[in-house]
Amino acid sequence: MSLFLLLTFLLLELDNGGCNNEVTPTFTPHIIAIMKMLVDNEEHLIVNWSVSDVVYKAEVNITFQIQVSRTEDTNIIHTSNYTTVLTKNNTVLTWNWESEIPLECTSHFIRIRSNLNDTRWSDWSPWKANSGIDTSNATKAILFPKGKKIARNGSAVYFCCVAGKDERVTRMSVHNKNYFLIQISQRTQAIKVEYDLPVSYGNDIDCIATKTKADPSILFFINPPDVPNNLTCETRDMKEVVCTWRTWQEAMNSNPDTETIYSLHEGLLQKVGKCQKESCSFKVTPGQNVYNITVKAKNKVGKAAAHLNMDITHRVYPVDLSEVSKNGVGPRTVNLSWFLKANYSSLGIVCQTNITTDNGNQKLQNHSFEGGLDNHSYTVTVDGLHPYTNYAVSIHCASEHFWKWNGWSKAFSFITEQDAPSVGPDVWRQIKQSPQGRNVTLYWKYSNNSETNGPVLFYNITRTSQGRSTQVVPVVGVNWKEFSIDHNAHTITVRAVNSAGGSPTSILNIPADIGMAEENIEAKQINGNAEGFIITWQQDLEVTCGYTVEWCDQVGAKTCDLQWKKFPSHTNSAFITSATFTAGKRYTFNVYVCKSDGDNLFEKKVGYTQELAPSEMPRVTTQENSFSVTLEWTFDDHEMLPGFIKGYYVYITKKNKEAAHSTEPNYFEFMIDNPSKKKLTVPNLQPSTDYNITVAAFTAAGRGRETFLTVRTHSDSGLLFKLGMVFLVPVLVALIVIMCAWQYRRKLKKLGLLICSSSTSENIRALQWDSSIFETSKTVQSTEPEDCTYCKIEIVESKKEKEELLPTPSSEFESENEEFTVSHTAWTYCLNKPPAPGEKENTDFKDLKGSVEFANLSYFPDQNLLGSQESDPQHASIPTNLSPIKMAIATLDYVSHTS
């Protein structure tokens with residue numbers, strides 16, 4: 001009836017409008033209230049209004065237009081449309097608007113109009129005001145928002161400051177940094193603050209007015225909460241479920257004002273359980289195994305959620321084991337028991353035992369059980385253990401739908417019981433010849449203690465030869481035994497005995513003596529490395545029981561620590577290693593082949609893990625000659641050398657002072673790559689020369705210690721002979737001539753005079769000395785030869801020359817001899833000193849100390865001419881400025897010249 005009346009009314013109104021051009025009636029909204037509200041940390045303006053009851057009864061579509069004005073009704077800042085269907089149950093309509101600035105900063109005005117079925121708008125409702133603080137009589141500046149403000153990172157936040165009455169805002173700052181002021185009203189100023197990074201500390205906001213200062217506010221920028229990562233739920237006791245997750249922001253954020261709040265929801269239920277920072281828990285509903293879990297995260301600027309659908313029987317993390325113990329220990333088994341204090345009766349349980357030996361060997365075994373109640377005991381027998389061995393055991397468990405192992409139980413130790421040795425000892429021997437037969441040292445060992453299954457009390461040893469057995473006293477405390485045997489074949493057995501019984505018997509056959517044949521096997525060199533040696537050998541077609549490689553671990557020690565290793569018949573190589581192998585030690589490996597009669601030496605190998613340079617020097621002897629040196633040395637190649645000798649280096653150099661003046665080679669180097677060659681002749685050396693010689697042995701690692709010596713080559717005997725022939729022959733010839741001449745000196749003298757006197761070009765005669773010359777010399781007291789520092793004999797060839805040389809003779813002498821001319825006259829005189837080289841000889845007779853004139857009587861036709869002189873030497877005419885000189889015949893040189 002109401003709808004009919006409304007439609008009739010509307011039709012009449014439309015009809016009247018069509019005929020009379022009147023306005024169609026509208027329904028102006030009536031604003032009931034405007035309220036301020038903080039929604040999700042933001043300022044919201046809530047508006048309530050209503051319209052005519054007639055419209056509600058019609059339940060028609062209606063659109064409302066809402067306008068917001070700030071400060072005054074003409075300053076419209078927002079217009080929005082709101083469409084709805086009016087119903088009888090919703091008579092009060094509500095709309096909210098989020099304001100950028102706090103609503104307290106200034107007054108806001110609201111007005112609304114409606115539009116029914118898109119016909120036309122109604123009139124606006126009167127403005128409805130929401131008054132701000134700027135209209136109050138407050139006398140002090142106030143800052144909004146007050147206190148703490150939480151904002152989303154990357155957003156903009158407005159702060160406003162309302163000045164007190166009769167003052168104005170002069171400055172607004174963030175962390176003492178002034179911001180640009182935005183005028184909102186006469187008393188209100190605002191600033192816009194933006195930030196891009198989340199921080200755990202606040203930003204101080206300050207406002208200063210002309211008279212007062214507002215209380216500061218703090219601004220925090222944060223991110224919305226992260227979606228909970230790795231959401232996981234599990235149960236330990238089937239009574240409570242615990243869900244956990246990880247968040248990055250929470251780890252970075254320690255400010256309680258900005259923390260995220262978590263809540264857990266199951267299915268359509270509201271919040272259930274208890275939540276902490278990264279975990280929530282809730283009680284299991286009896287009979288319910290499947291759960292739909294939602295974890296919600298919320299902070300001041302946003303929300304997030306994570307979902308998980310699970311079956312708790314597949315998410316069982318068992319409680320830790322308790323009361324773990326051993327119930328019985330045998331040689332190879334142990335019984336274990338424990339409790340799980342939870343009700344797992346609806347589950348299957350899998351437990352794992354971890355058995356560890358002292359040397360670190362680990363053994364894991366899985367065991368399955370039916371789950372039990374809280375007081376149920378779980379028991380298991382662990383087998384496959386070794387007798388007389390220390391073990392440590394620990395256990396952990398999981399559900400049959402495996403989700404997670406619980407923690408390992410605390411380990412406890414036990415020792416298994418002894419058992420008889422499972423294998424016989426590994427037996428070997430060393431055999432040495434003796435005058436009475438052979439000396440045998442028998443060795444035995446176990447590769448590890450687990451083979452003995454307990455401490456060995458003693459070893460029983462027997463030996464058999466030609467069907468006769470000899471029982472040996474049990475050996476206790478050692479692993480070797482010495483005894484003598486003859487040259488026949490022998491069989492030896494060894495058996496270990498502990499408290500639980502004896503081991504299987506080990507048999508060793510010693511073949512009949514074959515003499516020295518094994519010593520003729522030549523050792524072959526092999527190369528090892530830091531890890532050990534690779535030994536290879538030829539296959540023996542007659543092998544029946546394998547091969548044995550034998551070596552000494554301690555080379556050069558008093559006890560060699562014999563080691564051996566056995567290999568099956570199809571093997572022809574082995575890798576031998578030892579912790580005691582040392583660089584520079586020579587190791588010898590003997591390979592034995594086992595046949596029906598016993599073990600025989602097959603091959604020998606020698607080698608080093610690493611060769612070193614020799615530490616010994618060669619002993620060198622030399623044999624020298626004029627042009628070469630022969631070197632010969634000795635060097636003992638024994639097993640203690642640090643490497644295989646590959647050869648020798650020989651260096652020859654001249655000594656420094658001789659090499660500096662030599663054009664011949666000064667340096668010779670020889671490398672001898674044959675270690676058996678220990679002699680070298682160095683040719684092409686120089687006679688009578690000193691050489692330095694160095695000799696050193698070398699291995700693969702390099703040259704060893706050097707022997708140094710110096711040798712001198714012999715002189716060249718052929719050269720001396722040649723030189724002797726060159727100088728000695730002329731001397732001998734000269735001596736022979738002199739001897740012959742001395743023997744025939746008188747005849748030769750006469751022959752010389754004869755040759756000189758018979759010259760056709762010159763009539764030269766032998767000098768005839770005046771018989772009174774010596775008397776005359778004494779009379780005139782002439783200078784003795786030894787008194788002269790320098791003597792000169794002048795031969796005056798003519799009178800004119802004589803007159804130029806000598807002072808004018810006395811008139812008496814001149815008158816007496818003017819009848820003839822003395823053509824040749826010999827003068828001797830003394831000079832004070834000899835002339836210097838290049839200086840013209842001084843022949844000024846004024847400087848002469850004295851002289852004697854000799855006349856060659858052979859040239860005077862009348863011998864009486866000089867007779868008066870000879871008869872009267874006192875009156876001989878002698879130059880007054882010359883000192884007479886006595887001349888012996890043997891010291892006078894004479895020169896005869898024809899006038």
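The torsion about the S-S bond of C552 and C560 is about -55 degrees, so this disulfide is left-handed. Its sulfur atoms are 2.3 Å apart, a disulfide being a pair of cysteine sulfur atoms within 2.5 Å. C552 counts as partly exposed because its relative accessibility is 23%, and C560 is partly exposed with a relative accessible area of 23%. The cut-offs behind these words are under 20% relative accessible area for buried, over 50% for exposed, and partly exposed in between, with a 1.4 Å probe and protein chains only.

The model is predicted: local features need pLDDT of at least 70, side-chain atom pairs count only at pLDDT 80 or more, and totals for chains, interfaces and linings use all residues. Residues are numbered from 1 along each chain as its sequence is written, and side-chain values use heavy atoms, with hydrogens and water left out.

The structure holds seven disulfides. One of them joins C105 and C160, with sulfur atoms 1.2 Å apart. This pair links distant parts of the chain, 55 residues apart: C105 sits in the loop between β5 (93-98) and β6 (108-116), and C160 in strand β10. Strands here are DSSP runs of E of at least two residues, and helices are runs of H or I of at least four, numbered from the N terminus. The torsion about the S-S bond of C105 and C160 is about -60 degrees, so that disulfide is left-handed. Both C105 and C160 are buried.

Another disulfide joins C351 to C397, with an S to S distance of 1.9 Å. C351 belongs to strand β27 (residues 348-357) and C397 to strand β30 (residues 390-399), so the pair, 46 residues apart, links distant parts of the chain. The torsion about the S-S bond of C351 and C397 is about 100 degrees, so the disulfide is right-handed. Both C351 and C397 are buried. Elsewhere, C740 is partly exposed, with a relative accessible area of 40%.

Strand β10 (residues 156-162) also contains V157. V157 counts as buried because its relative accessibility is 6%. Which residues does V157 touch, not counting residues up to four places away in sequence? They are K149, A151, I191, K192, V193, L219 and F221, where contact means heavy atoms within 4.5 Å. The C-alpha atoms of V157 and E100 are separated by 7.4 Å, although the two residues are 57 apart along the chain.

The next topic is the nonpolar cores. In soluble globular proteins, nonpolar side chains tend to be buried together. A nonpolar core is a set of buried Ala, Val, Leu, Ile, Met, Phe, Trp, Tyr and Cys residues joined through side-chain atoms within 4.5 Å. The largest such core has 44 residues, of which I293, L336, W338, L340 and Y344 touch the most other members. Apart from it lies another core, of 24 residues, among them L641, L680, V682 and I693. Leaving aside residues up to four places away in sequence, Y344 touches R236, D237, M238, V316, P318, V319, I349, G371, G372 and Y378.

Last come the totals for the protein chain. It has 10 helices and 56 strands. Of its 899 residues, 40% are buried. Among contacts between residues at least 6 apart in sequence, 66% join residues at least 24 apart. The chain exposes about 50,400 Å², and carbon and sulfur atoms supply 51% of that area; accessible areas come from the Shrake-Rupley method with a 1.4 Å probe, and for residues only the protein chains shown count as cover.
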